[in-house]
Amino acid sequence: MSISINFTNEIFSLNKLQLPTRYYYFNDTENYIKLLSIGEGIFPNDRIKSNINLENSNAIFTTESATKVYPSKKDFGINYINIKLKNSNLEFLNDELILYKSSKLLQILRIDADENSTFFYSDILTQGRSYEHFDFDSMLVRNKFFCNKELEYYENFEVLGKDLKDYIKRHENKNYIYLKLYIKTNDNEKFLNTLHSNGFNSFTFSKSKNMILGSLSSKDMIDIKKDQKQIWILYRSFLEKNEFNLGKN
């Protein structure tokens, strides 16, 4: 189950498509792609691979809806995203990730960006279905970000649902929705100041200041989506781009 997409000089090409992976492509004002899987989710032993290559291009990616991860007795579902950017700009806004009770997920993200490229990437984690409270089994995260061929930031951790639930209970935390953002601009220091001046103080630099990292939490999905959109608008404005409508309610 995979998809491979290229944009070269703003021209779209589909190199590979293997069901149940699907996509919609729009280009009325900008290159815009919605990704989805039939069944709208990841099942045990699924191997979903998305390869995205941009050269001298701009593109916006999002998911069609929330990504559901279904229960598993043994096998992990795997979601692998590999992105390469050369003199390009990528904006990738994921909808929420819903890990069902007893589910297992391995999430692997790799972004390679050259000096002249920029990106905005965001993920949202929820507590599960409305009647669940972090009842998933395990979520493994392997995220690597390369800037100018050097490893800039690496996330490698496992989250156990029961441990996260215990942590939230101990700290009496009422925020059950988490938004993470990974950003690279053409002037990170200036953009970080922009974020802070707009009240987003939980953002900081990566190791060599080639990226900006941030996280937010809330008890309300509407508020999290509103923050995600506001930061994205700031990013687009910083790149002198107009506000873009993803066409979602």
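Author: Start with pairing. Two strands pair if DSSP finds at least two bridges between them. This is a predicted model. In it, isoleucine 83 stands opposite isoleucine 111 in strand 11.

Reader: What makes strand 9 and strand 11 a pair?

Author: Count the bridges. Strand 9 (residues 77-86) and strand 11 are joined by nine, in the parallel sense. The cut-off is at least two bridges, so the two strands pair.

Reader: Why is isoleucine 108 called partly exposed?

Author: Its relative accessible area is 23%. Buried means under 20% and exposed means over 50%. The value 23% falls in between, so isoleucine 108 is partly exposed. This residue lies in strand 11 (residues 104-113). Beyond its neighbours within four places in sequence, isoleucine 108 is in contact with Asn79, Tyr80, Ile81, Arg142 and Asn143.

Reader: How do you know whether threonine 118 is buried or exposed?

Author: Threonine 118 has 8% relative accessibility. The cut-off for buried is under 20%, so threonine 118 counts as buried. Threonine 118 lies in strand 12 (residues 118-125).

Reader: What makes the link between threonine 118 and tyrosine 235 a polar contact?

Author: The distance is 3.4 Å, side chain to side chain. The limit for a pair of N or O atoms is within 3.5 Å, and one must be able to donate a hydrogen and the other to accept it. The pair is listed as a polar contact. Tyr235 is also one of the buried residues of helix 3.

Reader: How do you know the length of helix 3 agrees with what its residues should span?

Author: Helix 3 has 18 residues. The expected span is 1.5 Å times one less than that number. That should give 26 Å, and the end C-alpha atoms are 26 Å apart, so the two agree. At the start of helix 3, a side-chain oxygen of aspartate 220 comes within 2.7 Å of the backbone nitrogen of isoleucine 222.

Reader: Why are the buried residues of helix 2 said to be on the same side?

Author: The buried ones in helix 2 (residues 188-197) are Asn188, Phe191, Leu192 and Leu195. They cover an arc of only 105° around the axis, which puts them on the same side of helix 2. An α-helix has 3.6 residues a turn, so residues three or four places apart point the same way. The face turned away from the buried side carries the exposed residues Glu189, Lys190 and Ser197. The buried residues of helix 2 pack against strand 15 (177-184), strand 16 (203-205), strand 17 (212-218) and helix 3 (221-238).

Reader: Why is strand 7 called largely enclosed?

Author: Five of the six residues of strand 7 (residues 58-63) are buried, so the rest of the structure largely encloses it. Strand 7 pairs in the parallel sense with strand 4 (residues 32-37) over four bridges. Strand 7 also runs parallel to strand 10 (residues 89-99), joined by five bridges.

Note on methods: Residues are numbered from 1 along each chain as its sequence is written. This is a predicted model: local features need pLDDT of at least 70, side-chain atom pairs count only at pLDDT 80 or more; totals for chains, interfaces and linings use all residues. Side-chain values use heavy atoms; hydrogens and water are left out. Buried means under 20% relative accessible area, exposed over 50%, partly exposed in between (1.4 Å probe, protein chains only). Contact means heavy atoms within 4.5 Å. The arc is that of the directions from the helix axis to the C-beta atoms.
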